[in-house]
Amino acid sequence: MDHNKMLTINKDGWEKSAERFFGRTALPEYGPFSLTEEQLKLFGSISGKKVLDIGCGSGHSLQYMSNNGATELWGIDLSSKQINTASKLLGNQHNNVKLFESPMEVNPGLPSSYFDIVYSIYAFGWTVDLNSTLANINSYLKPGGTFIFSWEHPFHDRIKFENGSFIVKRSYLEEGPEFNEAWHNEVIIYHRKLSTYINSLIDSNFIIEKVIDEVAIPHTPSENPSRWYSTQKASLIPATFIIKASKKNKEC
Ligand SMILES: C[S@@+](CC[C@H](N)C(=O)[O-])C[C@H]1O[C@@H](n2cnc3c(N)ncnc32)[C@H](O)[C@@H]1O
C-alpha cells in the first residue's frame with residue numbers, strides 16, 4: 001500500500017477518534033508509564049525558544065510550552081479536528097501561534113534552520129515515511145537545535161496477556177506497516193525496532209543525546225492485566241520510550 005493511501009486511512013481514523021485523545025498524552029507527560037518532563041528535564045530552559053510540535057494533537061503540549069515561556073508556538077497535525085481544537089485552546093488570534101493541518105511526511109511551508117526545539121509527544125511513530133519525516137525535522141531545526149520525541153516502545157505490542165500469562169505474540173524483529181489492534185484495525189502503524197529509530201536519526205544528521213525507557217509504576221496498580229497498558233505489563237517491559245537528539249552542526 002502506498003504512503004498516501006496509508007495517510008488517508010490514518011486521517012479517517014483520527015477524525016473519528018480525536019476526542020478520545022484530547023490532552024491525553026501531553027507534556028509534562030511523555031506517555032504511559034513513563035517518567036515525566038518534571039522528572040527528566042530533557043528540554044532544559046524553554047524560555048524565549050521557538051518550538052515546533054509534530055503531531056500537536058489538541059495543543060496541550062504547546063500550551064505547556066507557552067506556560068514555560070516559549071515565544072513562538074508552531075504545530076503540525078494530520079487531523080483537522082485536532083488542529084481546530086488546538087487552535088481554540090491556544091487562541092489562534094495570537095500571531096505567535098501557527099498551526100498547520102498536514103502530514104508530518106510533507107513540509108507544509110515551515111521555515112528551515114529556524115526552530116530551537118522540535119518535539120513530538122506520542123505522535124512521531126505515526127509517520128509512514130521515517131526518513132523523509134526526519135529530513136524535514138532536521139531542516140526545520142537550527143544547527144545544534146534539539147529534537148525530542150516519545151513513542152510506544154516497540155516491544156509493547158508484541159506481548160499480550162492471554163490465559164493468565166504474558167506471551168510473545170509477534171516478532172519484535174519484523175518491521176513494516178500493520179493494521180493496529182489497539183485501534184480495532186482502523187489505522188496503520190509502522191512497527192520499527194528501537195535500533196531503526198536510533199540509526200535513522202544518526203543517518204539523518206542527528207546526534208543522539210539520550211535514550212530513555214525507564215518505567216514509572218503508579219502506586220495504584222491497574223486491575224486488569226489484559227488492558228492495552230497495564231501495570232502488570234509495564235513491570236515487565238516499557239510502554240514508552242523517549243529519544244533526545246540534536247541537529248549536527250555543519251562542521252561536525
Ligand atoms: C496521541 S496524539 C498526540 C498528542 C499531542 N502530541 C499532545 O501533546 O497533546 C497523536 C497525533 O498524531 C497525529 N498524526 C497521526 N499521523 C500523523 C501524520 N502522519 N502526520 C501528522 N500528524 C499525525 C494525530 O492526528 C494525533 O493528533
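Modeller: The model is predicted. The protein chain holds 7 helices and 11 strands. Its 252 residues would give a radius of gyration near 18 Å if they formed a compact globule, and the chain has 18 Å, so the two values agree. Along the principal axes, the C-alpha trace spans about 55 × 40 × 40 Å. Of the contacts between residues at least 6 apart in sequence, 69% join residues at least 24 apart. Buried residues account for 50% of the chain. The accessible surface comes to about 11800 Å², and carbon and sulfur atoms hold 49% of that surface.

Now to the residue itself. S200 lies in helix α6, which covers residues 194-203. Is S200 buried or exposed? Its relative accessible area is 9%; buried means under 20%, so S200 counts as buried. What does the side chain of S200 reach? It reaches the backbone oxygen of T196, at 2.6 Å.

Some of the surroundings of S200 come from elsewhere in the sequence. With neighbours within four places in sequence left aside, S200 is in contact with L130, N131 and L134.

Technical notes: Residues are numbered from 1 along each chain as its sequence is written. This is a predicted model: local features need pLDDT of at least 70, side-chain atom pairs count only at pLDDT 80 or more; totals for chains, interfaces and linings use all residues. Side-chain values use heavy atoms; hydrogens and water are left out. Helices (H or I, at least four residues) and strands (E, at least two) are DSSP runs, numbered from the N terminus. The radius of gyration is taken over C-alpha atoms; the globule rule is 2.2 Å times the number of residues to the power 0.38. Buried means under 20% relative accessible area, exposed over 50%, partly exposed in between (1.4 Å probe, protein chains only). Contact means heavy atoms within 4.5 Å. Accessible areas come from the Shrake-Rupley method with a 1.4 Å probe; for residues, only the protein chains shown count as cover. A polar contact is a pair of N or O atoms within 3.5 Å; within protein, one must be able to donate a hydrogen and the other to accept it, and residues adjacent in sequence count only if both atoms are side-chain atoms.
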